[in-house]
Amino acid sequence: MGKEIKKYSPLSDLLNLRKDMDDFFGSRLPGSLFDNYFSEDTWAPLIDIEENKDEFVITAELPGMKKDDIDISIDNNTLVISGEK
């Protein structure tokens, strides 16, 4: 049986860290990276990644999205899937 793929959410980890920092300092830190780039409203689709001998096959649940509305790129060895609905 193959390895189970678990969804990794770096945004969730960052938001949890931010909350811990806010709790520690007793207030929101001004001018934070989080304020500019991340929010709790950010949506991350369910993604399944399979690897076979020659390729990776990535399946993402993107309901209501058209193929032409989705951008796929590699940035600093990170797969980036983006789009706007």
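Mentor: Strands here are DSSP runs of at least two residues, numbered from the N terminus. Keep in mind that this is a predicted model.

Trainee: OK. Where is Asn76, then?

Mentor: Asn76 sits in the loop between E3 and strand E4, the latter covering 78–83.

Trainee: What is the phi of Asn76?

Mentor: Near 55 degrees, which is a positive value in a residue other than glycine.

Trainee: And is Asn76 buried or exposed?

Mentor: Asn76 is exposed, because its relative accessible area is 70% and the cut-off for exposed is over 50%.

Trainee: What about Asn77, where does that lie?

Mentor: Asn77 also lies in the loop between E3 and E4. Its phi is positive, about 65 degrees, although Asn77 is not a glycine. Asn77 is exposed, with a relative accessible area of 78%.

Trainee: Changing topic. Which residues form the nonpolar patch on the surface?

Mentor: Ile47, Ile49, Phe56, Ile58, Ile72, Ile74 and Leu79. Together they have about 660 Å² of accessible area.

Trainee: Which strands each supply at least two residues of that patch?

Mentor: Strand E1 (47–51), strand E2 (56–60) and strand E3 (70–75).

Trainee: Take Ile58. Which strand is it in?

Mentor: Ile58 lies in strand E2.

Note on methods: Residues are numbered from 1 along each chain as its sequence is written. This is a predicted model: local features need pLDDT of at least 70, side-chain atom pairs count only at pLDDT 80 or more; totals for chains, interfaces and linings use all residues. Side-chain values use heavy atoms; hydrogens and water are left out. Patches are made of residues with over 30% relative accessible area and no salt bridge: like charges are joined within 9 Å, nonpolar side chains (Val, Leu, Ile, Met, Phe, Trp, Tyr) within 5 Å. Accessible areas come from the Shrake-Rupley method with a 1.4 Å probe; for residues, only the protein chains shown count as cover. A salt bridge is a side-chain nitrogen of Lys or Arg within 4 Å of a carboxyl oxygen of Asp or Glu. Helices (H or I, at least four residues) and strands (E, at least two) are DSSP runs, numbered from the N terminus. Buried means under 20% relative accessible area, exposed over 50%, partly exposed in between (1.4 Å probe, protein chains only).
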